[in-house]
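Here are my notes, as promised, for you to go through with the model open beside you. I've kept them to numbered points.

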Amino acid sequence: MLNNTQIRHCLDVMAEMFPDAEGELVHSNPFELVIAVLLSAQCTDKLVNKVTADLFKKYKTPEDYLAVPLEEVENDIRSIGLYRSKAKNIQKLCRTLIDEYNGEVPQTKEELVKLAGVGRKTANVVASVAFNEPAIAVDTHVERVSKRLGICRWKDSVIEVENTLMRKVPRDEWSVTHHRMIFFGRYHCKARNPNCPECPLLDICREGKKRMKKIG
């Protein structure tokens, strides 16, 4: 496991590699962000952005999504995986926003997770990106990078990874670290073909050293 000095080094290197890392889901307000993040489960941001380009022109408010039959929403997001359950959750979520929050997206993680289709990761992303609340959302990239580097243990659950990162990373760096780790995992330390030979963190990465031995 990495010590605090090594973790600080990892954060600084990722900051150098991806100084401008930020969420890649296109949105213009918190409501659009919630919908986009809900759609992004088990799906690439690129595909979500392709679908929401038309979706957000058609539906501007929670009322708009409820003014059409469920089948129509399904049809509008059909190219996205799990589109049936996601369409259902969108309409449920919109109903809750209207009934309990005057059509506005709540700002706290505790309230966000009560919305249909919004899990802990989604709530963290929305709280962080839309409302500047410090948060580390653990998606597949963040989890993979944390475990490969040895910041977390292989057997740690997603919640344990989140808690460890919140302990080890300064609070005012949570949100930016979340984005940088995603970029590091998406563009460098990829799931199937990580770029170990050119990785500036290879000297302290347990997984990278193992992989390099196999190559060697």
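Predicted model: local features only at pLDDT ≥ 70, side-chain atom pairs only at ≥ 80, totals over all residues.

1. The largest cavity holds about 110 Å³ of space. Its lining takes in 14 residues, and those closest to the centre are Cys189, Pro194, Cys196, Cys199 and Cys205.

2. Which helices give two or more residues to that lining? They are H9 (140-149) and H12 (206-215). H12 gives the most, with 3 residues. By class, the lining of the largest cavity splits into 8 nonpolar, 3 polar and 3 charged residues.

3. Next, the open space. The largest pocket has a volume of about 820 Å³, and 34 residues line it. Have a look at the ones closest to its centre: Ser40, Asp45, Lys121, Asp139 and Arg186.

4. As for where the pocket lining comes from, at least two residues each are supplied by H2 (30-39), H3, H8 (120-131), H9 and H11. H11 gives the most here, with 6 residues.

5. Is Asp45 buried or exposed? Its relative accessibility is 17%, so it counts as buried, the cut-off for buried being under 20%. Leaving out residues up to four places away in sequence, Asp45 touches Glu24, Leu25, Ser40 and Arg186.

6. Thr52 is another residue of H3 to check. With a relative accessible area of 2%, Thr52 is buried. Once neighbours within four places in sequence are set aside, Thr52 is in contact with Val26 and Leu39.

7. On helix packing, I'd look at H1 (residues 4-17) against H11 (residues 174-187). Their axes come within 10 Å and cross at roughly 70 degrees, which means H1 is roughly perpendicular to H11. From H1, the contact is made by Leu11, Met14, Ala15 and Met17. From H11, it is made by Thr177, Arg180, Met181 and Phe184. By class, that contact has 6 nonpolar, 1 polar and 1 charged residues. H11 is also the helix that gives the most to the lining of the largest pocket.

8. Last one: Thr96, in helix H6 (residues 83-101). What does Thr96 touch, not counting residues up to four places away in sequence? The answer is Tyr101 and Leu115. If you want a sense of scale, take the C-alpha atoms of Thr96 and Gly150: these residues are 54 apart along the chain, and the two atoms are separated by 40 Å.

Methods:
Residues numbered from 1 in each chain as written. Heavy atoms only, no water. Axes fitted to C-alpha atoms, helices over the stretch in contact; angles between N-to-C directions. Helix = DSSP H or I, 4+ residues; strand = E, 2+ residues; numbered from the N terminus. Parallel < 35°, antiparallel > 145°, perpendicular 65-115°, else oblique. Contact = heavy atoms within 4.5 Å. Nonpolar A, V, L, I, M, F, W, Y, C, P; charged D, E, K, R; others polar. 1 Å grid on protein atoms, 1.4 Å probe; cavity = no way out; pocket = protein on both sides within 12 Å on 5 of 7 lines; lining within 4 Å. Points joined across faces, edges and corners; volume = space filled by probe spheres on them. Buried < 20%, exposed > 50% of the residue type's maximum accessible area, 1.4 Å probe, protein only.
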